[in-house]
Amino acid sequence: MNAWYRRAGDGLLLEVHVQPGASHTVVAGLHDGRLKIRLAAPAVDGRANAALVDFIAAQLGAAKRGVSIEAGVASRRKRVRVLGATRAPEAMLPPAG
């Protein structure tokens, strides 16, 4: 089992580490047992959180309304719930090598 996600009820819980203000939005691998995501959006007025929801929904093939931040709204360390994912969470990891 991967430490950065787990199945919970009818969805997934992802443990993520977010780096807002990056040059582009991308998964940067694993960081301290969490999925590290660099976001192009700044951490101002909830823009980084909105960008995170959009990005995770697109990566996992879920509707935006099925993605919510459960913990860490004001932190870089967040817990995100995903309902209705059509892709496995491992698909978000960058290729090894």
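I looked up the largest pocket and found about 160 Å³ of space in it. A pocket is an open set of points on a 1 Å grid over the protein atoms alone, where a 1.4 Å probe fits, with protein on both sides within 12 Å along at least five of seven lines. The volume is the space filled by probe spheres set on the points. The model is predicted: local features need pLDDT of at least 70, side-chain atom pairs count only at pLDDT 80 or more, and totals for chains, interfaces and linings use all residues. Residues are numbered from 1 along each chain as its sequence is written, and side-chain values use heavy atoms, without hydrogens and water.

I next turned to the salt bridges (a side-chain nitrogen of Lys or Arg within 4 Å of a carboxyl oxygen of Asp or Glu). The structure holds 5 of them. I noted one between arginine 34 and glutamate 15, at 3.1 Å, N to O. This pair links distant parts of the chain, with arginine 34 in strand S4 and glutamate 15 in strand S2, 19 residues apart; strands are DSSP runs (E, at least two residues), numbered from the N terminus. Both residues, arginine 34 and glutamate 15, are buried, where buried means under 20% relative accessible area, exposed over 50% and partly exposed in between (1.4 Å probe, protein chains only). I also recorded that Glu15, Arg34 and Arg79 are linked in a network of salt bridges.

I then checked aspartate 32 and arginine 77, whose side chains meet in a salt bridge at 3.1 Å, N to O. Aspartate 32 is exposed, at 59% relative accessible area, whereas arginine 77 is partly exposed, at 39%.

Notes. On a 1 Å grid over the protein atoms alone, a cavity is a set of points where a 1.4 Å probe fits but cannot get out, and a pocket is an open set with protein on both sides within 12 Å along at least five of seven lines; lining residues have an atom within 4 Å of a point. Helices (H or I, at least four residues) and strands (E, at least two) are DSSP runs, numbered from the N terminus.
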